[in-house]
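Hi everyone, thanks for coming. Please have a look at the structure on the screen, and I'll walk you through it.

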Amino acid sequence: MRYETIRLEVPGQQTGEALMQLYLLDSLEFAPDRLRPMIIVIPGGGYTRRSDREKEPIVMKFLSMGFHACVLEYSVAPNRFPVAVRELALAIATIREHADEWHVKADAVIPCGFSAGGHLACSTRSEHRGRAEQHTHRP
């Protein structure tokens, strides 16, 4: 398995960059070109924190089912809307941009949010209507 941390910078961040912690499964010997879906785990916490129990334990379950997974450490208070939405949109765009390198199905990047993270996933979908790449700012 490959583990990597990606920094995500968007306009309006008051407390530094968001982080995306990638967990990429190794390729299978009998199917080295197999692409896998990527699950973006978005922990809850009322937009004031991010719950640890909704991070790596969830990622491990998805990995055991054959998915690639990542945790989005999105910005919380004092950051305000739409900073976290921009961060998730950039995370999706980044995954799609690296899909070949990471053996990810570019059309199977799936946000999985809990509580505030679920709200963030729905807000991003509603705000961007599937055009994440068009609504992100790359420094």
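Predicted model: local features only at pLDDT ≥ 70, side-chain atom pairs only at ≥ 80, totals over all residues.

Let me start with a question: which residue stands opposite Cys70 in β4? It is Ile40.

Residues are numbered from 1 along each chain as its sequence is written, and side-chain values use heavy atoms, with hydrogens and water left out.

Now the sheet. Five strands form an open sheet with mixed pairing, in the order β1-β2-β4-β3-β5. At the edges stand β1 (2–8) and β5 (104–113), each with a single partner strand, so one side of each has no neighbour in the sheet. From one strand to the next, the twist averages 20°. Two quick notes on terms: helices (H or I, at least four residues) and strands (E, at least two) are DSSP runs, numbered from the N terminus, and two strands pair if DSSP finds at least two bridges between them.

How do the neighbours run? β1 and β2 (residues 18–24) are antiparallel and joined by seven bridges; Arg2, for instance, has Leu24 in β2 as its bridge partner. β2 and β4 are antiparallel too, with five bridges, and here Tyr23 stands opposite Ala69 in β4. β3 and β4, by contrast, run parallel and are joined by four bridges. That brings us back to Ile40 and Cys70, which stand opposite each other.

Let's stay with β4. Six of its six residues are buried, where buried means under 20% relative accessible area, exposed over 50%, and partly exposed in between (1.4 Å probe, protein chains only). Both faces are covered: on one side His68, Cys70 and Leu72 are buried, and on the other Ala69, Val71 and Glu73.

Take Val71 as an example. Its relative accessibility is 0%, so Val71 counts as buried. Leaving aside neighbours within four places in sequence, Val71 is in contact (heavy atoms within 4.5 Å) with residues including Leu19, Tyr23, Val41 and Val59. The C-alpha atoms of Val71 and Ile42 are separated by 6.1 Å, although the two residues are 29 apart along the chain.

In α1, Val59, Phe62 and Leu63 are buried. Viewed down the axis of α1, its buried residues fall within an arc of 100° (taken from the directions from the helix axis to the C-beta atoms), so they line one face of the helix. Lys61 and Ser64, on the other side of α1, are exposed. Among the elements covering the buried residues of α1 are β2 and β5. Just after α1, Gly66 takes a positive phi of about 95°.

One last stop is helix α4 (residues 116–128), where we find Thr124. Is Thr124 buried or exposed? At 5% relative accessibility, Thr124 counts as buried. Its side chain reaches the backbone oxygen of Leu120 at 2.9 Å.

That's my tour, and I'm happy to go back to any part of the picture.

Definitions and conventions:
Polar contact = N/O pair within 3.5 Å; in protein donor to acceptor, adjacent residues only side chain to side chain. Axes fitted to C-alpha atoms, helices over the stretch in contact; angles between N-to-C directions.
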